[in-house]
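Dear colleague,

Please find the structure below, together with its sequence. My notes on it follow.

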Amino acid sequence: MLNLIFFDTALELVPFSMLNHPSVRRNAKRRNKKPAETLLDRSLHHYGMTRIENAERRGRPDIIHFCLLEALGSPLNKENRLKIWVNTNHGYTIEVDPETRLPRDYNRFKGLMESLFINGQVPQNIGAPLMSIRKMSIEKLLQKVKPSKLYLLSSHGEPSSLDNLVSKMVSNENPCALVGAYPSGQVSSDIHKLADEVISVYGETLEAWVITSRLIYEYEKQFHP
Ligand SMILES: C[S@@+](CC[C@H](N)C(=O)[O-])C[C@H]1O[C@@H](n2cnc3c(N)ncnc32)[C@H](O)[C@@H]1O
């Protein structure tokens with residue numbers, strides 16, 4: 001089983017300080033929603049975001065959309081050998097059931113995430129939801145996952161081929177990989193401290209979904225239960 005945790009995921013509802021910004025109100029009105037019930041999205045709210053903290057790492061739901069499509073559609077997931085969690089930049093954790101079929105369409109994906117933030121789970125009112133969200137720090141999440149070894153993937157890590165990294169992972173009983181689902185910038189020191197190993201698998205920064213799909217594919221090749 002491979003545990004995959006996306007950290008610092010740039011996924012959140014529009015913050016209070018931006019609720020009156022014209023770009024937020026316009027988009028909410030067009031979609032017939034309250035501004036507070038819409039996701040922050042840089043492609044729509046770019047100008048409004050200039051005044052919020054850490055803006056360069058926020059408002060990119062498209063990143064986790066791509067990552068989840070790659071991960072959930074993989075043979076590893078279909079064979080129930082992948083467990084996915086999403087930890088957001090504001091300390092929420094989303095547990096993703098392997099059976100989840102995400103909308104391919106980005107706007108429908110955003111609608112689903114809005115419903116998840118507002119109602120706590122999707123679909124609503126069923127015992128075993130496909131996704132559920134709650135306030136939970138990555139430290140708490142790790143206490144639940146109990147990884148035997150925690151590998152942080154970072155362009156600033158120790159250089160290693162993906163092949164070598166995965167050969168170490170598959171020899172572990174309950175390995176866990178951390179992939180950042182944010183646009184750019186250093187991995188925070190809090191995340192760094194948690195990892196047993198920090199590994200770079202390429203000489204430059206790659207997109208989170210490229211790392212996700214390659215890691216999973218390499219794991220599929222080397223993992224023989
Ligand atoms: C756009 S990057 C974030 C940029 C950041 N400079 C970094 O890699 O630490 C998104 C995520 O993809 C993964 N990633 C990107 N390039 C990588 C590389 N060369 N080696 C390992 N992981 C990488 C990391 O998990 C990273 O947090």
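The lining of the second largest pocket divides into two nonpolar, eight polar and six charged residues. In this count Ala, Val, Leu, Ile, Met, Phe, Trp, Tyr, Cys and Pro are nonpolar, Asp, Glu, Lys and Arg are charged, and the others, Gly among them, are polar. This is a predicted model, in which local features need pLDDT of at least 70 and side-chain atom pairs count only at pLDDT 80 or more, while totals for chains, interfaces and linings use all residues. Residues are numbered from 1 along each chain as its sequence is written, and side-chain values use heavy atoms, with hydrogens and water left out.

A pocket here is an open set of points on a 1 Å grid over the protein atoms alone, where a 1.4 Å probe fits and protein lies on both sides within 12 Å along at least five of seven lines; lining residues have an atom within 4 Å of a point. The second largest pocket holds about 340 Å³ of space, a volume being the space filled by probe spheres set on grid points that are joined across faces, edges and corners. Its lining has 16 residues, and Asp8, Thr88, Asn89, His90 and Ser188 lie nearest its centre. Strand 2 (82-88), helix 6 (138-145) and helix 8 (189-194) each give two or more residues to this lining. Helices (H or I, at least four residues) and strands (E, at least two) are DSSP runs, numbered from the N terminus.

The largest pocket has a volume of about 420 Å³. It is lined by 23 residues, with Leu153, Ser154, Ser155, Thr205 and Leu206 nearest its centre. By type, this lining comprises 13 nonpolar, eight polar and two charged residues. Strand 6 gives the most to it, with four residues.

The largest pocket is also the space taken by the ligand; a molecule sits in a pocket if more than half of its atoms lie within 2 Å of the pocket's grid points. At least two residues of the shell around the ligand come from each of strand 6 (149-159), strand 7 (175-180), strand 8 (197-200) and helix 9 (208-222). Around the ligand are 20 residues, of which Leu153, Ser155, Val201, Glu204 and Leu206 come nearest; a residue is near a molecule if one of its heavy atoms lies within 4 Å of it. The shell consists of 12 nonpolar residues, seven polar and one charged.

A polar backbone atom of Leu153 is 2.6 Å from a ligand oxygen atom, and a backbone N or O atom of Gly180 is 3.1 Å from an oxygen atom of the ligand. A ligand nitrogen atom lies 2.8 Å from a polar backbone atom of Glu204. Taken alone, the ligand exposes 540 Å², and the protein buries 98% of that; these accessible areas come from the Shrake-Rupley method with a 1.4 Å probe.

Two backbone features remain. Most residues other than glycine have a negative phi, and most peptide bonds are trans. Val122 and Pro123 are joined by a cis peptide bond, with omega about -15 degrees, and Pro123 lies in the loop between strand 4 (121-122) and strand 5 (131-135). Asn32 has a positive phi, near 60 degrees, and is placed in the loop between helix 1 (22-30) and helix 2 (42-45).

With kind regards

Methods
A polar contact is a pair of N or O atoms within 3.5 Å; within protein, one must be able to donate a hydrogen and the other to accept it, and residues adjacent in sequence count only if both atoms are side-chain atoms.
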